[in-house]
Amino acid sequence: MHKRIKYGMVGGGQGAFIGAVHRMAARIDDQFELVAGALSSNAERAAASAAEVGIDPSRSYASFEDMAKAEAARQDGIKAVSVVTPNYMHFPVAKAFLQAGISVICDKPLTATLNDALALGEIAKLSKAEFILTHNYSGYPMVRQAREIVQSGQIGKVRRVQVEYVQDWLSAAVDAAENKQADWRADPKRSGLGGAIADIGTHAFQLTNFISGVAVREIAADLTRFVDGRLVDDDAHMLLRFENGAKGYLWASQVAPGNENNLRIRIYGEKGGIDWSQENPNQLWVSMLGEPKHLLTRGGHGTSEVAANVTRVPAGHPEGYLEGFATIYNEAADIIRNGRNPDCLSPTIDEGILGMRFIDAAIRSSNADAKWTPIDA
Ligand SMILES: NC(=O)c1ccc[n+]([C@@H]2O[C@H](COP(=O)([O-])OP(=O)(O)OC[C@H]3O[C@@H](n4cnc5c(N)ncnc54)[C@H](O)[C@@H]3O)[C@@H](O)[C@H]2O)c1
C-alpha cells in the first residue's frame, strides 16, 4: 500500500513565501503528508499558521527545538522536515533534526556562513538521516535534457557559459516593515554577507555546474550595493574560469527594472550550444554549428528519457516552477525511503557547501577589486 512520508516544516508561516511553495510541491506527486510544524518564530503566529494548513494543534510547536525532540520521541514521528526559514536559521534547524535522525529538505543557500556550511556537512555525515537541498531549477525537464546534451558531448568541449539571474524587486529601498522577504534579505546577520549573490547568484552558479558538468576554478567578481543604505550587494557580476579552460560570465541582480525571475543560461561548445530560460521553461534551444537551430519542447518530439521521466502532463500543457520543485520532492521521497542512488540528480549538501564557497570567494574577490580568486574545493 502506498504510504506517504510524514513530514514537518520549520518556517513557512502566515505571510511567508517559499514554505507554501514547498507544501504544494510536496503534494504534487502525493508522496508526502504534512503533520507537524514550527511555522513561525512567533509562537502565536506559529499556532495560527498551523491551523490554517491543517496541522493538528498537538503537533504545532512553539520552537523547532521542541519539535525535533518531540517528533523524534514519537512512534509515528515525522521522517523528514522542510527548512524554509531565513538563511541564518538553516544551520541550527538542520542540525537539530539531523541529530534527531530526521531527514532534512532545506532551501538554499545552505547556511548564512561558510563555517556553518562546513560544520553542517560534518553533522550530515554522522547522521543516518538524509539531506536534500532545494536548488529547484535542476528539477526542470528541459534543464535535465540540456545537462544530458552538454555532458554527452553533443555540443563538443565546453568553451563558454553565459548565465544570469536577474530581478527588479529590490531596485528601490523597500520598507522592511511592509515586506517580510526584503526585511531579512537586507540584513547581513540573517541573510549572510551576500545579498543578490547568495539569494539568486547561488542558483545561477548551481545551474552552471549542473548543466555543464565542468567545475568553475576561479572568479573575478564585482559586487555593488546600488541602493543607498543597503548593507548587502544588490548586483553581482563576475568572470568565470573553468577547470577545462572554458570561460564564463555570471550576473545576478535584483535592481534591473523589467526583470522578474529572468534566469537564463547559454552554454557554447566546439560544435554547438544550448539556450534555456526559466520564464519559458518548457522550451530548449539547441544549435549545432552549420545547421538551422532547433527548438526542443517538453514532452514534444525529441524529448529524451531523462526529461520524460520528470514530465507529468502532455506537450503544450505548461509545467513550471511548482513541478520543478515537485521533482526535487519526488526524488527526496526516494532518497528518504531507499537511500541516495548515485544517479539521483537532486542537489546534495556538497553542492550547498560549494555554493557557500562561491559566495565567500565572490565577496573576497570583490573586496580585492575583482582579483582572480579560486573557489577552494
Ligand atoms: N528555491 C527558491 O526558489 C527560493 C525562493 C525564495 C526563497 N528561498 C529560500 O527560502 C528561505 C525562506 O525565504 P522566504 O522568502 O520564504 O522568507 P519569508 O520571510 O517569506 O519566510 C520565512 C519564514 O520563516 C519563519 N521563521 C523565521 N525564524 C524562525 C524560527 N526560528 N522558527 C520557525 N520559523 C521561523 C518566519 O516566521 C517566516 O514564516 C530562504 O532561505 C530563501 O533563500 C528559496
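Author: Two strands pair if DSSP finds at least two bridges between them. This is a predicted model.

Reader: What makes strand 1 and strand 3 a pair?

Author: Strand 1 (residues 5–11) and strand 3 (residues 80–84) share five bridges. The cut-off is at least two bridges. So the two strands pair, and they do so in the parallel sense. Within strand 3, valine 83 stands opposite valine 10.

Reader: What order do the strands of the open sheet follow?

Author: The order is 2-1-3-4-5, over five strands, with parallel pairing.

Reader: Why do strand 2 and strand 5 count as edges?

Author: Strand 2 (32–38) and strand 5 (131–133) each have a single partner strand. One side of each is therefore left without a neighbour in the sheet. On average, neighbouring strands of this sheet are turned by 25° against each other, direction ignored.

Reader: Which strands does helix 4 touch?

Author: Helix 4 packs on the sheet and touches strand 1, strand 3, strand 4 (103–106) and strand 5. Its direction makes about 160° with that of strand 4. Angles over 145 degrees count as roughly antiparallel.

Reader: Why are helix 3 and helix 4 called roughly parallel?

Author: The axes of helix 3 (residues 64–73) and helix 4 (residues 90–99) cross at roughly 10°. Angles under 35 degrees count as roughly parallel. The two helices are therefore roughly parallel to each other. Their axes come within 9 Å.

Reader: Which residues make the contact of helix 3 with helix 4?

Author: Helix 3 supplies Phe64, Glu65 and Ala68. Helix 4 supplies Val93, Ala96 and Phe97. By class, five are nonpolar, none is polar and one is charged. Glu counts as charged, so Glu65 is the charged one.

Reader: How many residues surround the ligand, and which are the closest?

Author: The shell has 25 residues, and the closest are Gly11, Ala16, Phe17, Ile18 and Ser41. Strand 1, helix 1 (18–28) and helix 7 (180–185) each give two or more. Helix 7 gives the most, with three residues. The classes are 10 nonpolar, 11 polar and four charged. Both domain 1 (5–129) and domain 2 (140–311 + 348–367) give at least three residues to this shell.

Reader: What makes lysine 108 to proline 109 stand out?

Author: Their peptide bond is cis, with omega near -15°. Most peptide bonds are trans. Proline 109 lies in the loop between strand 4 and helix 5 (114–126).

Definitions and conventions:
Residues numbered from 1 in each chain as written. Predicted model: local features only at pLDDT ≥ 70, side-chain atom pairs only at ≥ 80, totals over all residues. Axes fitted to C-alpha atoms, helices over the stretch in contact; angles between N-to-C directions. Helix = DSSP H or I, 4+ residues; strand = E, 2+ residues; numbered from the N terminus. Parallel < 35°, antiparallel > 145°, perpendicular 65-115°, else oblique. Contact = placed C-beta atoms within 7 Å. Near = placed C-beta within 6 Å. Domains from an automatic or database assignment.
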